[in-house]
Each structure stands twice: as structure tokens, then as C-alpha cells.
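Please open the model in your viewer and keep the sequence panel beside it. This tour goes from the whole chain to single residues, one selection at a time.

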Amino acid sequence: MTTGLSRLSGKVALVTGAARGIGRAIATRLAEEGAKVAIADIQEDAATKTAAELKEAGAVAFAVKLDVTSLDSAIKAVATVERQLGPIDILVNNAGWDQLEPFVESSPETWERVIAINFRGVLNCCKAVIPGMQARGQGKIVSISSDAGRVGSLGEAVYSGCKAGIIGFSKTLARELARNKINVNVVCPGPTETALLHGVMEKQPKILDAMLRSIPMRRLGQPQDLAGAVAFFASADADYVTGQVLSVSGGLTMVG
Ligand SMILES: NC(=O)c1ccc[n+]([C@@H]2O[C@H](COP(=O)([O-])OP(=O)(O)OC[C@H]3O[C@@H](n4cnc5c(N)ncnc54)[C@H](O)[C@@H]3O)[C@@H](O)[C@H]2O)c1
């Protein structure tokens with residue numbers, strides 16, 4: 001635990017899809033800043049392993065099984081986490097999934113899966129967490145969208161639609177919940193080196209080369225690159241920041 005910051009001391013954070021990749025890096029950073037973290041993931045064994053590793057490093061971490069596509073699962077996971085760690089102060093909607101293919105070749109079954117995980121998953125977790133935050137008059141919600149949701153991305157039409165949907169949804173939620181002192185913000189990664197990226201790009205190595213050429217910083221993101229932006233939005237430093245969208249993508253997307 002190394003940042004030297006303790007902005008989240010005593011806070012409880014639930015991070016979805018935290019067993020690996022960007023979610024894991026976010027959970028690690030929130031723990032480093034003092035939060036008790038729930039590693040919520042559909043892969044229960046992987047979540048348990050990640051939580052154990054965080055605990056070994058001195059964090060308070062708890063693994064919980066969560067399938068974000070199910071409201072029932074979200075409600076149960078939130079109840080379990082609140083029994084174990086206390087009321088949830090911070091929700092990070094990070095779980096996501098995609099399959100790269102031209103829209104005309106994609107099937108309604110794939111659309112359904114993409115929408116269920118990437119968009120409805122955010123709605124389910126917000127629905128499960130917000131009533132408690134409203135009752136307590138405080139909360140921070142940070143959702144991981146994508147630069148694909150801001151400017152589009154070849155072969156990711158439905159995914160991009162979901163990620164754009166997260167932005168519109170979050171801005172509206174930010175307006176509705178401001179009176180409850182609940183901040184709602186969005187972080188957009190660009191191409192970031194994780195299992196998801198490698199899976200998506202497996203069959204399309206040329207796209208990865210093209211992406212690299214279009215990133216002003218000429219490198220892929222690392223999961224840790226995202227974690228500081230999320231920790232900021234989750235902290236009291238962002239108490240007067242809501243409904244905002246921040247790209248963390250080496251300059252790939254510069255939206256005015
Ligand atoms: N890696 C990138 O290049 C990139 C770029 C832009 C945005 N993003 C977004 O960042 C987020 C994290 O992506 P990543 O690259 O770390 O992916 P990843 O595949 O490495 O990790 C995603 C995690 O989400 C979990 N998950 C999947 N479906 C779930 C479900 N139904 N319920 C609960 N957990 C579930 C997986 O088990 C996994 O642990 C996603 O929202 C993704 O869309 C990633």
C-alpha cells in the first residue's frame with residue numbers, strides 16, 4: 001500500500017469486475033487510499049484470489065459473487081457487502097465485455113449479451129446501491145465507459161452504444177442525485193492492456209497497430225493509469241464535481 005494518500009480512509013467501495021484488469025487496479029488503488037473494498041465479480045474464484053492478494057498487502061478486502069446482468073444478484077451482493085464491510089460509500093461500475101465484429105455480421109444474441117453486461121449492468125448496480133446512499137445523504141458513483149462511447153470504434157457498434165448510454169445515464173443521474181450529495185461521474189479508458197483487449201484484438205492485430213499510431217502518447221494504457229482518475233472522483237476532492245466525463249487514453253480522444 002504505497003500512494004501516501006488516505007483520502008478514502010474509512011470508506012467502503014464496491015468495484016464490479018474487480019477480479020482482474022482495470023477493475024483490479026482500481027480496487028487496489030482505492031484500498032491503498034484507505035477504503036475497504038469489495039471485489040465483486042462473476043468469476044468468484046478469481047475474485048477470492050484477488051481479495052486474498054489485497055489482504056496480504058494490508059488492505060481490507062472482501063470477495064463477493066456478482067452477475068451485473070441480474071438486478072437480483074446486484075441487490076444480494078450489496079446486502080452481503082454491507083453486512084461484511086458496512087454501508088457502501090463508493091460504487092465503481094467497471095464490469096464490461098465485448099466482441100469485435102462489424103455490426104452487420106453481429107447477431108441479436110450478441111447484442112443482448114453486450115447490452116446486458118455493459119449497459120443494463122450499470123443500471124442494476126446503481127438501482128441496488130442508490131437507495132442506501134440517498135438515505136445516508138452521501139455517495140460517489142464512478143462508471144467506466146470508454147472512448148468508444150465518445151467517438152465510436154470500428155467493430156464495436158453495440159458496445160459503443162452502451163458506453164455512450166452510460167454517459168447519458170450518468171449525467172441524468174448526476175442531476176437527479178445532486179440534492180442527495182451523491183456524485184456521479186464517468187471515466188473513459190482508451191485501449192488498455194488487459195485480457196479483454198487481448199481477447200478482442202486476437203483476430204484483428206492490424207487494428208491494434210492503427211490504434212497505437214493514433215494515440216499521441218504512442219503506448220497502450222495500463223490498468224493502473226485509470227485508477228488515479230477513479231480515486232479522485234471517489235474522494236472528497238471531487239465533492240463539487242458531478243456529471244463529468246474524463247478520458248484517460250494518452251490523448252487519443254480530445255473532446256471539447
Ligand atoms: N481494456 C480496454 O482496452 C478498455 C477500453 C475501454 C474501456 N474498457 C472498459 O473497462 C472496463 C474493464 O475492462 P478490462 O479491460 O479490465 O476487462 P477484463 O475482461 O480484463 O475484466 C473485466 C472483468 O469483468 C468481469 N465481468 C464480466 N462480466 C461480468 C458480469 N456479468 N458480472 C460481473 N462481473 C463481470 C470479468 O469476470 C472480469 O473480471 C470495462 O467496462 C471495459 O468495457 C476497457
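The stops below say what to select and what is there.

Before selecting anything, note that residues are numbered from 1 along each chain as its sequence is written. This is a predicted model, in which local features need pLDDT of at least 70 and side-chain atom pairs count only at pLDDT 80 or more, while totals for chains, interfaces and linings use all residues.

**The whole chain**

Begin with the chain in cartoon view, where the secondary structure comes to nine helices and seven strands; helices (H or I, at least four residues) and strands (E, at least two) are DSSP runs, numbered from the N terminus. The radius of gyration is 17 Å, close to the 18 Å that the globule rule gives for 256 residues, so the chain is as compact as a globular protein of that length. That radius is taken over C-alpha atoms, and the globule rule is 2.2 Å times the number of residues to the power 0.38. Of the 256 residues, 48% count as buried, where buried stands for 20 or more other C-beta atoms within 10 Å of a residue's own, exposed for 12 or fewer, and partly exposed for anything in between, with C-beta atoms placed from the backbone.

**The core**

Next, select Val15, Leu30, Val37 and Ile39, which touch the most other members of the 72-residue largest nonpolar core, a core being a set of buried Ala, Val, Leu, Ile, Met, Phe, Trp, Tyr and Cys residues joined through C-beta atoms within 7 Å. Helix 4 (residues 108–136) gives this core its largest share, 10 residues.

**Around the ligand**

Now turn to the 28 residues around the ligand, of which Gly17, Gly21, Gly96, Thr194 and Leu196 come nearest; a residue is near if its C-beta atom, placed from the backbone, lies within 6 Å. Helix 1 (21–32) and helix 7 (195–201) each supply at least two residues of this shell.

Most residues other than glycine have a negative phi. Lys181 is partly exposed, with 15 other C-beta atoms within 10 Å.

Finish at Arg218, in the loop between helix 8 (205–214) and helix 9 (223–234), where phi is again positive, at about 55 degrees, although Arg218 is not a glycine. Arg218 is exposed, with 10 other C-beta atoms within 10 Å.
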